[in-house]
Amino acid sequence: MRLVCLVDEFNASRRVGDDSPALVPPPTPERVAEFFDFMKQRIATARKYGPAARDYAMFRTLYHAGLRSEEASLLDKPDVHFSRGPFGKLHVRFGKGAHTSGPRPRRVPMLDGLDLVLRWFLDDVRPKFPDSPVLFADESGGSLHRGTIRNRLRYLMKLEGRPPAEWFSPHALRRACATHNYERGVDLAAIQQMLGHWTVSSTMR
């Protein structure tokens, strides 16, 4: 049987969350750039250099690599491969699986200067935390919980002083990654692989 459209009601994604792109659009490239500029300036004045610099590198990773919060929290230092491909790649070993299928690992390119950010982080910032395999560690050397990552982002946007209408979630950074890459001409199938979606309909949404 020949399908008129591969993305029909049979193949379409059935779950629509509360932060569906149709209801809450992702932040614009300009808004994201302004937020990262604020974070970069804050590193120099923050009471604790390590956590401020870690947050900057972590949220840059969420945006440029399109990771989920939990995927970023489970990254270890050996998962950063600078020698793979022209920009290096992140080995996301615990990618979210579809329909309880278990983790689906994938390799994500470090685009838009993310490789430089992570080189700086590993050389200058990570040694200020306790020694452990965890990439984005808390002050005891353990992994950050995804709820902690969400709370950190909310705290930073409060410090930034923007109205709540301009706030966004960690998952919105992932959707912004997909949207902004598609707008500048990246192939939809490549974005699907980068985000680790089971079906292309999820990426299209």
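Q: Among contacts in the protein chain between residues at least 6 apart in sequence, what share joins residues at least 24 apart?
A: Start with the word itself: a contact means heavy atoms within 4.5 Å. In this protein chain, 61% of the contacts between residues at least 6 apart in sequence link residues at least 24 apart. Before we go on, note that this is a predicted model, in which local features need pLDDT of at least 70, side-chain atom pairs count only at pLDDT 80 or more, and totals for chains, interfaces and linings use all residues. Residues are numbered from 1 along each chain as its sequence is written, and side-chain values use heavy atoms, with hydrogens and water left out.

Q: How many helices and strands does the protein chain have, and in what order do the elements run?
A: Helices (H or I, at least four residues) and strands (E, at least two) are DSSP runs, numbered from the N terminus. This chain has 8 helices and 3 strands. Starting at the N terminus, the order is α-α-α-β-β-β-α-α-α-α-α.

Q: Which residues does L90 contact beyond four places in sequence?
A: L90 is part of strand β2 (residues 89-92) and is buried, with a relative accessible area of 0%. Its contacts beyond four places in sequence include T61, A65, L67, V80, V108 and L118. T61 is 29 residues away along the chain, while the two C-alpha atoms are 9.7 Å apart.

Q: Is M194 buried or exposed?
A: M194, in helix α7 (residues 188-195), is buried, at 6% relative accessible area. Setting aside neighbours within four places in sequence, it contacts H64, A65, R106, V108, L111, C177 and N181. Look at V108: M194 and V108 are 86 residues apart in sequence, yet 5.5 Å apart in space from C-alpha to C-alpha.

Q: Which residues does R31 touch, not counting those up to four places away in sequence?
A: R31 lies in helix α1 (residues 29-45) and is buried, with a relative accessible area of 7%. The residues R31 touches are M157, E160, R162, E166 and F168.

Q: Where is D112 found, and what is its phi?
A: D112 sits in the loop between β3 (106-109) and α4 (114-125). Its phi is near 55°, a positive value in a residue other than glycine. D112 is partly exposed, with a relative accessible area of 41%.

Q: What volume does the second largest pocket have?
A: On a 1 Å grid over the protein atoms alone, a pocket is an open set of points where a 1.4 Å probe fits, with protein on both sides within 12 Å along at least five of seven lines; lining residues have an atom within 4 Å of a point. Volume is the space filled by probe spheres set on the points, which are joined across faces, edges and corners. The second largest pocket has a volume of about 230 Å³. Of its 14 lining residues, V24, P25, A165, W167 and F168 are the closest to its centre.

Notes
Buried means under 20% relative accessible area, exposed over 50%, partly exposed in between (1.4 Å probe, protein chains only).
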